[in-house]
Amino acid sequence: MDHQALAQLLGNYGEFLGAIGVVVTLIYLARQIRQSNLAAETAAIQAFFHSTESIALAPLSNGGLMRKGLANWQSLSSDEQVDLSSIFTDWASKIHMGYRLYLRRVLDAQTYDGWEGSLVSILKTPGGDEWWSNAQLLWPTDFRNQIDRVLSDEDTEILPWDEVMPWYSSSNIQ
């Protein structure tokens with residue numbers, strides 16, 4: 001075998017080994033990207049659930065205000081309307097974040113539907129309905145349409161707020 005043939009053979013082996021190296025590198029990068037995406041999705045879900053703590057705790061510290069406002073928005077003073085509007089705005093904003101995660105397939109439908117149901121049950125009350133009719137323009141059209149679709153869908157079973165948490169029933173206001 002002469003030098004030129006040997007050089008050609010070694011060149012062919014080098015190209016083959018280089019191609020294997022490229023394939024191995026691509027597989028490694030694909031796995032790294034997948035792991036990175038899973039980590040980002042996990043962080044997004046954790047952030048969503050952490051953020052929902054405030055809406056889960058709001059009824060505990062504002063029970064009387066919520067009962068009164070859910071029964072009749074107009075029965076609230078201006079200051080009470082501002083306070084309750086702040087709670088409802090926080091609630092709807094957290095559900096909107098969940099909606100965005102759901103659209104990106106980060107949050108599963110069953111989990112999103114449960115949180116969406118908590119907002120819709122508020123909005124089905126007389127006070128919640130009045131608040132939503134005034135405040136809904138704070139959110140993007142697709143989210144408003146989603147909430148309005150659920151509110152108007154007769155096949156969607158969303159329990160009224162006072163059935164989900166009977167201690168907030170307007171009949172229990174003192």
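Guide: What follows is a set of questions on labels and the cut-offs behind them.

Visitor: What kind of model is this, and which residues count for local features?
Guide: This is a predicted model, in which local features need pLDDT of at least 70 and side-chain atom pairs count only at pLDDT 80 or more, while totals for chains, interfaces and linings use all residues. Residues are numbered from 1 along each chain as its sequence is written, and side-chain values use heavy atoms, with hydrogens and water left out.

Visitor: What is the mean pLDDT of the protein chain, and which element has the lowest?
Guide: pLDDT is the predictor's confidence in each residue, from 0 to 100. The chain has a mean of 84, and 88% of its residues reach 70 or more. Where pLDDT is low, the predicted coordinates should not be read in detail.

Visitor: How many helices and strands are there in the protein chain?
Guide: Seven helices and zero strands. Both are DSSP runs numbered from the N terminus: helices are H or I with at least four residues, strands are E with at least two.

Visitor: What makes D90 and K94 a salt bridge?
Guide: The term requires a side-chain nitrogen of Lys or Arg within 4 Å of a carboxyl oxygen of Asp or Glu. The closest N and O atoms of D90 and K94 are 2.9 Å apart, so the pair qualifies. Both residues lie in helix α3 (residues 78-103), four residues apart, about one turn of the helix.

Visitor: Why is K94 called buried, but D90 partly exposed?
Guide: Buried means under 20% relative accessible area, exposed over 50%, and partly exposed in between, with a 1.4 Å probe and protein chains only. K94 is at 15%, so K94 counts as buried. D90 is at 25%, therefore partly exposed.

Visitor: How many salt bridges does the structure hold, and which one links distant parts of the chain?
Guide: There are four. One of them joins the side chains of D142 and R100, at 2.7 Å from N to O. D142 is in helix α6 (residues 141-152) and R100 in helix α3, 42 residues apart, and the pair links distant parts of the chain. D142 has a relative accessible area of 31%, so D142 is partly exposed.

Visitor: Why do R149 and D153 count as a salt bridge?
Guide: Their closest N and O atoms are 3.9 Å apart, which is within 4 Å, so the pair counts. R149, at 42%, is partly exposed, and D153, at 24%, is partly exposed.

Visitor: Why has R144 no salt bridge?
Guide: R144 lies in helix α6 and is buried. Lys and Arg count as positive and Asp and Glu as negative, with His and the chain ends not counted. Not counting residues up to four places away in sequence, R144 touches W132, Q136, L137 and W139; contact means heavy atoms within 4.5 Å.

Visitor: What does Q81 contact, leaving aside its neighbours within four places in sequence?
Guide: Q81 is in contact with W73, Q74 and L76. Q81 is found in helix α3, and at 22% relative accessibility Q81 counts as partly exposed.
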